[in-house]
Amino acid sequence: MSAPVDVAADELERGFEATLAAQRRIEPRDWMPEGYRATLVRQIAQHAHSEIIGMQPEGDWLLAAPSLRRKAVLLAKVQDEAGHGMYLYAAAETLGVDRDDLTDRLVEGRQKYSSIFNYPTLTYADVGVIGWLVDGAAICNQVPLCRSSYGPYARAMVRICKEESFHQRQGYELLLTMMRGTDEQRAMVQDAVDRWWWPSLMMFGPPDTDSPNTARSMAWGIKRHTNDELRQRFVDMTVPQAEFLGVTLPDPELSLDPATGHHRFGAIDWDEFRRVLAGGGPCNAERITRRRAARDDGAWVREAAAAHAAKHGAAHAAKQTGRTA
(Lines give C-alpha, C1' and ligand atoms only; values in the text may rest on other atoms or scores of the structure.)
Protein backbone atom coordinates (compact mmCIF):
# COMPACT_ATOMS: atom_id res chain seq x y z
CA MET A 1 0.00 0.00 0.00
CA SER A 2 2.95 2.34 0.54
CA ALA A 3 4.31 2.09 -3.03
CA PRO A 4 2.17 4.90 -4.55
CA VAL A 5 3.18 7.20 -1.71
CA ASP A 6 6.85 6.36 -2.24
CA VAL A 7 6.50 6.98 -5.99
CA ALA A 8 4.84 10.34 -5.38
CA ALA A 9 7.60 11.31 -2.92
CA ASP A 10 10.26 10.33 -5.44
CA GLU A 11 8.58 12.44 -8.12
CA LEU A 12 8.44 15.44 -5.81
CA GLU A 13 12.11 15.01 -4.94
CA ARG A 14 13.05 14.78 -8.60
CA GLY A 15 11.03 17.90 -9.37
CA PHE A 16 12.79 19.76 -6.57
CA GLU A 17 16.23 18.69 -7.78
CA ALA A 18 15.34 19.57 -11.39
CA THR A 19 14.34 23.08 -10.31
CA LEU A 20 17.68 23.55 -8.57
CA ALA A 21 19.61 22.08 -11.51
CA ALA A 22 17.91 24.55 -13.85
CA GLN A 23 18.96 27.43 -11.54
CA ARG A 24 15.33 28.30 -10.89
CA ARG A 25 14.01 29.35 -7.52
CA ILE A 26 11.98 27.39 -5.04
CA GLU A 27 8.86 29.31 -3.97
CA PRO A 28 6.81 28.92 -0.76
CA ARG A 29 4.08 26.76 -2.34
CA ASP A 30 6.57 24.43 -4.01
CA TRP A 31 7.37 21.08 -2.45
CA MET A 32 10.69 21.04 -0.59
CA PRO A 33 12.49 18.48 1.59
CA GLU A 34 12.14 19.05 5.31
CA GLY A 35 15.91 19.39 5.62
CA TYR A 36 15.89 22.24 3.09
CA ARG A 37 13.11 24.01 4.94
CA ALA A 38 14.80 23.54 8.33
CA THR A 39 18.11 24.83 6.98
CA LEU A 40 16.43 27.92 5.58
CA VAL A 41 14.59 28.62 8.84
CA ARG A 42 17.83 28.35 10.79
CA GLN A 43 19.80 30.58 8.42
CA ILE A 44 17.13 33.23 7.79
CA ALA A 45 16.20 33.43 11.48
CA GLN A 46 19.84 33.84 12.49
CA HIS A 47 20.22 36.53 9.85
CA ALA A 48 17.09 38.36 11.03
CA HIS A 49 18.16 38.14 14.68
CA SER A 50 21.57 39.58 13.72
CA GLU A 51 19.98 42.59 12.05
CA ILE A 52 17.86 43.34 15.11
CA ILE A 53 20.58 42.71 17.70
CA GLY A 54 22.98 44.65 15.48
CA MET A 55 21.01 47.82 16.13
CA GLN A 56 22.28 47.89 19.71
CA PRO A 57 26.05 48.55 19.37
CA GLU A 58 25.60 51.58 17.12
CA GLY A 59 22.34 52.68 18.71
CA ASP A 60 24.31 53.37 21.88
CA TRP A 61 25.97 56.28 20.05
CA LEU A 62 22.82 57.99 18.77
CA LEU A 63 22.79 60.54 21.59
CA ALA A 64 26.56 61.00 21.60
CA ALA A 65 27.19 61.50 17.86
CA PRO A 66 29.18 64.74 17.41
CA SER A 67 26.85 66.64 15.08
CA LEU A 68 23.26 66.76 13.90
CA ARG A 69 24.33 65.36 10.52
CA ARG A 70 26.09 62.41 12.13
CA LYS A 71 23.09 61.74 14.38
CA ALA A 72 20.73 61.76 11.38
CA VAL A 73 22.97 59.43 9.37
CA LEU A 74 23.34 56.99 12.26
CA LEU A 75 19.63 57.06 13.05
CA ALA A 76 18.81 56.28 9.41
CA LYS A 77 21.25 53.38 9.46
CA VAL A 78 19.82 51.88 12.65
CA GLN A 79 16.33 52.19 11.18
CA ASP A 80 17.54 50.39 8.05
CA GLU A 81 18.78 47.51 10.17
CA ALA A 82 15.35 47.22 11.79
CA GLY A 83 13.80 47.09 8.33
CA HIS A 84 16.22 44.36 7.27
CA GLY A 85 15.15 42.28 10.24
CA MET A 86 11.50 42.70 9.28
CA TYR A 87 12.16 41.67 5.65
CA LEU A 88 13.92 38.56 6.85
CA TYR A 89 11.32 37.59 9.45
CA ALA A 90 8.71 37.94 6.69
CA ALA A 91 10.77 35.64 4.46
CA ALA A 92 11.02 33.11 7.30
CA GLU A 93 7.25 33.22 7.80
CA THR A 94 6.78 31.95 4.24
CA LEU A 95 8.27 28.70 5.54
CA GLY A 96 5.48 28.28 8.09
CA VAL A 97 7.15 29.71 11.19
CA ASP A 98 5.98 32.58 13.39
CA ARG A 99 8.22 35.59 14.05
CA ASP A 100 7.14 35.81 17.69
CA ASP A 101 8.22 32.21 18.15
CA LEU A 102 11.55 32.98 16.49
CA THR A 103 12.08 35.87 18.90
CA ASP A 104 11.24 33.59 21.82
CA ARG A 105 13.82 31.09 20.57
CA LEU A 106 16.42 33.86 20.42
CA VAL A 107 15.92 35.23 23.93
CA GLU A 108 15.73 31.69 25.34
CA GLY A 109 19.07 30.81 23.76
CA ARG A 110 17.67 28.29 21.27
CA GLN A 111 18.74 30.31 18.22
CA LYS A 112 21.84 32.38 17.59
CA TYR A 113 22.89 35.63 15.95
CA SER A 114 26.20 36.83 14.53
CA SER A 115 29.01 36.74 17.08
CA ILE A 116 30.30 40.15 15.92
CA PHE A 117 27.56 41.97 17.83
CA ASN A 118 28.80 40.69 21.18
CA TYR A 119 31.65 43.20 21.21
CA PRO A 120 31.32 46.69 22.73
CA THR A 121 31.49 50.01 20.88
CA LEU A 122 33.97 51.85 23.09
CA THR A 123 34.47 55.03 21.05
CA TYR A 124 32.75 56.89 18.24
CA ALA A 125 35.36 55.53 15.82
CA ASP A 126 33.76 52.11 16.36
CA VAL A 127 30.70 53.39 14.48
CA GLY A 128 32.82 54.03 11.40
CA VAL A 129 34.73 50.76 11.71
CA ILE A 130 31.49 48.80 12.03
CA GLY A 131 30.30 50.45 8.82
CA TRP A 132 33.55 49.75 7.02
CA LEU A 133 34.53 46.29 8.29
CA VAL A 134 31.36 44.70 9.67
CA ASP A 135 29.06 45.92 6.91
CA GLY A 136 31.82 45.24 4.38
CA ALA A 137 31.98 41.64 5.58
CA ALA A 138 28.18 41.47 5.46
CA ILE A 139 28.21 42.61 1.83
CA CYS A 140 30.71 39.88 0.87
CA ASN A 141 28.54 37.35 2.67
CA GLN A 142 25.17 38.55 1.46
CA VAL A 143 25.52 39.60 -2.17
CA PRO A 144 25.72 35.94 -3.30
CA LEU A 145 22.50 35.33 -1.33
CA CYS A 146 20.68 37.47 -3.90
CA ARG A 147 21.02 34.32 -6.04
CA SER A 148 19.87 31.98 -3.29
CA SER A 149 17.64 29.14 -4.45
CA TYR A 150 14.78 30.22 -2.17
CA GLY A 151 12.82 33.02 -3.80
CA PRO A 152 11.63 35.09 -0.80
CA TYR A 153 15.10 35.06 0.76
CA ALA A 154 16.83 36.05 -2.48
CA ARG A 155 14.40 38.89 -3.14
CA ALA A 156 14.74 40.26 0.40
CA MET A 157 18.51 40.25 0.00
CA VAL A 158 18.44 42.46 -3.09
CA ARG A 159 17.20 45.49 -1.16
CA ILE A 160 19.20 44.65 1.95
CA CYS A 161 22.45 44.52 0.00
CA LYS A 162 21.79 47.88 -1.64
CA GLU A 163 21.35 49.48 1.77
CA GLU A 164 24.31 47.64 3.31
CA SER A 165 26.50 48.95 0.49
CA PHE A 166 25.51 52.48 1.43
CA HIS A 167 26.22 51.72 5.09
CA GLN A 168 29.71 50.54 4.21
CA ARG A 169 30.47 53.69 2.25
CA GLN A 170 29.08 55.85 5.07
CA GLY A 171 31.34 54.14 7.61
CA TYR A 172 34.40 54.55 5.40
CA GLU A 173 33.62 58.24 4.82
CA LEU A 174 33.40 58.78 8.58
CA LEU A 175 36.80 57.14 9.07
CA LEU A 176 38.36 59.20 6.27
CA THR A 177 37.12 62.33 8.02
CA MET A 178 38.59 61.24 11.34
CA MET A 179 41.92 60.24 9.78
CA ARG A 180 42.22 63.77 8.39
CA GLY A 181 41.61 65.18 11.86
CA THR A 182 43.71 65.25 15.02
CA ASP A 183 46.31 62.79 16.24
CA GLU A 184 43.83 61.71 18.90
CA GLN A 185 41.18 60.95 16.26
CA ARG A 186 43.64 58.96 14.17
CA ALA A 187 44.68 56.96 17.21
CA MET A 188 41.02 56.34 17.99
CA VAL A 189 40.44 54.92 14.50
CA GLN A 190 43.50 52.67 14.69
CA ASP A 191 42.41 51.36 18.10
CA ALA A 192 38.96 50.53 16.74
CA VAL A 193 40.47 48.73 13.73
CA ASP A 194 42.70 46.72 16.06
CA ARG A 195 39.69 45.57 18.07
CA TRP A 196 37.29 44.83 15.20
CA TRP A 197 39.53 43.24 12.54
CA TRP A 198 39.66 39.69 13.86
CA PRO A 199 35.97 39.51 14.91
CA SER A 200 35.12 40.70 11.39
CA LEU A 201 36.99 37.73 9.91
CA MET A 202 35.07 35.44 12.24
CA MET A 203 31.78 36.73 10.80
CA PHE A 204 32.07 34.31 7.90
CA GLY A 205 31.77 31.35 10.23
CA PRO A 206 34.15 28.50 11.04
CA PRO A 207 36.65 27.20 8.49
CA ASP A 208 35.18 24.95 5.82
CA THR A 209 36.67 21.87 7.45
CA ASP A 210 34.68 22.59 10.64
CA SER A 211 31.46 23.93 9.11
CA PRO A 212 28.66 21.34 9.45
CA ASN A 213 26.16 23.15 7.24
CA THR A 214 28.16 24.55 4.31
CA ALA A 215 28.26 21.52 2.01
CA ARG A 216 24.53 20.82 2.22
CA SER A 217 23.59 24.51 1.90
CA MET A 218 25.73 24.82 -1.23
CA ALA A 219 24.32 21.65 -2.74
CA TRP A 220 20.84 23.11 -2.31
CA GLY A 221 21.89 26.50 -3.69
CA ILE A 222 21.09 28.31 -0.44
CA LYS A 223 24.72 29.43 -0.25
CA ARG A 224 26.88 30.05 -3.32
CA HIS A 225 30.37 30.21 -1.76
CA THR A 226 32.09 28.59 1.20
CA ASN A 227 33.02 30.42 4.39
CA ASP A 228 36.72 30.43 3.51
CA GLU A 229 36.11 31.69 -0.03
CA LEU A 230 34.09 34.61 1.28
CA ARG A 231 36.63 35.37 4.01
CA GLN A 232 39.44 35.49 1.45
CA ARG A 233 37.41 37.78 -0.79
CA PHE A 234 36.85 40.15 2.14
CA VAL A 235 40.55 40.28 3.05
CA ASP A 236 41.55 40.97 -0.56
CA MET A 237 38.95 43.73 -0.79
CA THR A 238 39.87 45.36 2.52
CA VAL A 239 43.68 45.52 2.36
CA PRO A 240 43.86 48.29 -0.30
CA GLN A 241 41.07 50.19 1.46
CA ALA A 242 43.12 50.12 4.68
CA GLU A 243 46.20 51.39 2.85
CA PHE A 244 44.27 54.31 1.38
CA LEU A 245 42.73 55.07 4.75
CA GLY A 246 46.13 55.05 6.42
CA VAL A 247 45.50 52.41 9.07
CA THR A 248 47.40 49.21 9.80
CA LEU A 249 45.50 45.95 9.93
CA PRO A 250 46.62 44.12 13.11
CA ASP A 251 48.11 41.06 11.45
CA PRO A 252 51.92 40.82 11.05
CA GLU A 253 51.45 37.83 8.74
CA LEU A 254 49.29 39.75 6.26
CA SER A 255 51.04 39.73 2.87
CA LEU A 256 50.27 39.39 -0.82
CA ASP A 257 50.97 36.03 -2.43
CA PRO A 258 52.19 36.94 -5.92
CA ALA A 259 51.50 33.43 -7.18
CA THR A 260 47.77 33.54 -6.39
CA GLY A 261 47.08 37.27 -6.20
CA HIS A 262 45.44 36.71 -2.81
CA HIS A 263 46.56 37.94 0.60
CA ARG A 264 47.85 35.54 3.18
CA PHE A 265 46.67 36.24 6.71
CA GLY A 266 47.36 34.91 10.18
CA ALA A 267 45.56 32.27 12.20
CA ILE A 268 42.14 33.20 13.55
CA ASP A 269 41.48 32.49 17.23
CA TRP A 270 38.67 29.98 16.78
CA ASP A 271 38.58 29.33 20.52
CA GLU A 272 37.46 32.92 21.01
CA PHE A 273 34.87 32.50 18.25
CA ARG A 274 33.38 29.43 19.90
CA ARG A 275 33.45 31.06 23.34
CA VAL A 276 31.61 34.17 22.13
CA LEU A 277 29.13 32.10 20.12
CA ALA A 278 28.40 30.02 23.22
CA GLY A 279 27.54 33.11 25.24
CA GLY A 280 30.89 34.06 26.73
CA GLY A 281 31.52 37.29 24.84
CA PRO A 282 31.82 40.74 26.43
CA CYS A 283 28.22 41.73 25.61
CA ASN A 284 26.22 38.51 25.11
CA ALA A 285 24.16 38.84 28.28
CA GLU A 286 23.54 42.55 27.74
CA ARG A 287 22.38 42.06 24.14
CA ILE A 288 19.88 39.35 25.04
CA THR A 289 18.66 41.18 28.15
CA ARG A 290 17.86 44.26 26.09
CA ARG A 291 16.21 42.20 23.34
CA ARG A 292 14.06 40.41 25.91
CA ALA A 293 13.05 43.72 27.49
CA ALA A 294 12.10 45.15 24.08
CA ARG A 295 9.97 42.07 23.39
CA ASP A 296 8.20 42.28 26.74
CA ASP A 297 7.77 46.08 26.75
CA GLY A 298 6.32 46.00 23.25
CA ALA A 299 3.78 43.24 23.92
CA TRP A 300 0.91 45.71 24.42
CA VAL A 301 1.65 47.34 21.05
CA ARG A 302 1.50 44.00 19.25
CA GLU A 303 -1.70 43.07 21.07
CA ALA A 304 -3.32 46.40 20.20
CA ALA A 305 -2.29 46.08 16.55
CA ALA A 306 -3.68 42.55 16.37
CA ALA A 307 -6.98 43.66 17.94
CA HIS A 308 -7.22 46.58 15.53
CA ALA A 309 -6.58 44.31 12.55
CA ALA A 310 -9.14 41.77 13.78
CA LYS A 311 -11.76 44.48 14.29
CA HIS A 312 -11.34 45.96 10.86
CA GLY A 313 -11.08 42.53 9.28
CA ALA A 314 -14.42 41.55 10.81
CA ALA A 315 -16.01 44.82 9.68
CA HIS A 316 -14.73 44.29 6.15
CA ALA A 317 -16.00 40.71 6.10
CA ALA A 318 -19.43 41.85 7.32
CA LYS A 319 -19.56 44.50 4.62
CA GLN A 320 -18.67 41.95 1.95
CA THR A 321 -21.35 39.59 3.26
CA GLY A 322 -23.92 42.37 3.10
CA ARG A 323 -23.04 43.08 -0.50
CA THR A 324 -23.52 39.47 -1.55
CA ALA A 325 -26.74 38.93 0.42
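This is a predicted model: local features need pLDDT of at least 70, side-chain atom pairs count only at pLDDT 80 or more; totals for chains, interfaces and linings use all residues.
Biologist: How do you know that domain 1 and domain 2 are in contact, and how many residues take part?

Modeller: Contact requires heavy atoms within 4.5 Å. By that rule 16 residues of domain 1 are in contact with 11 residues of domain 2. The two domains bury about 1,300 Å² between them, with 51% of it on carbon and sulfur atoms. Gln56, Val107 and Asn118 supply 40% of the area that domain 1 buries against domain 2, more than any other three residues.

Biologist: Why is the pair Asp60 and Arg290 called a salt bridge?

Modeller: The rule asks for a side-chain nitrogen of Lys or Arg within 4 Å of a carboxyl oxygen of Asp or Glu. For Asp60 and Arg290 the N to O distance is 3.0 Å, so the pair meets the cut-off of 4 Å. Across the interface of domain 1 and domain 2 the rule finds two salt bridges. The count of residue pairs in polar contact between these domains is eight.

Biologist: Which helices supply the side of domain 1 that touches domain 2?

Modeller: α2 (34-53), α3 (55-59) and α5 (99-107) each supply at least two residues of that side. The largest share, five residues, comes from α5. By class, this side of domain 1 has 10 nonpolar, three polar and three charged residues.

Biologist: Why is His49 called buried?

Modeller: Buried means under 20% relative accessible area. His49 has 0% relative accessibility, and therefore counts as buried. His49 is placed in helix α2. Not counting residues up to four places away in sequence, His49 touches Tyr89, Leu102, Thr103, Leu106, Gln111, Lys112 and Tyr113.

Biologist: What makes His84 and Glu51 a polar contact?

Modeller: The definition needs a pair of N or O atoms within 3.5 Å, one able to donate a hydrogen and the other to accept it. The side chains of His84 and Glu51 are joined at 3.4 Å, so the distance falls within the cut-off of 3.5 Å. His84 is in helix α4 (residues 68-93). At 0% relative accessibility, His84 counts as buried. Beyond its neighbours within four places in sequence, His84 is in contact with Glu51, Ile160, Glu163, Glu164 and His167.

Biologist: Why does Leu174 count as buried?

Modeller: The value for Leu174 is 2% relative accessibility, so Leu174 counts as buried under the 20% cut-off. Leu174 is found in helix α7 (residues 151-179). Leaving aside neighbours within four places in sequence, Leu174 is in contact with Arg70, Tyr124, Val127 and Gly128. Its C-alpha atom is separated by 9.2 Å from that of Trp132, 42 residues apart along the chain.

Biologist: What share of the contacts in the chain joins residues 24 or more positions apart?

Modeller: Such residues account for 78% of the contacts in the chain with a separation of 6 or more. Of the 325 residues, 46% count as buried. The chain has 13 helices and two strands.

Key
Residues are numbered from 1 along each chain as its sequence is written. Side-chain values use heavy atoms; hydrogens and water are left out. Buried area is the accessible area (1.4 Å probe) that two parts lose on being put together, summed over both. Helices (H or I, at least four residues) and strands (E, at least two) are DSSP runs, numbered from the N terminus. Ala, Val, Leu, Ile, Met, Phe, Trp, Tyr, Cys and Pro count as nonpolar, Asp, Glu, Lys and Arg as charged, and the others, Gly among them, as polar. Buried means under 20% relative accessible area, exposed over 50%, partly exposed in between (1.4 Å probe, protein chains only).
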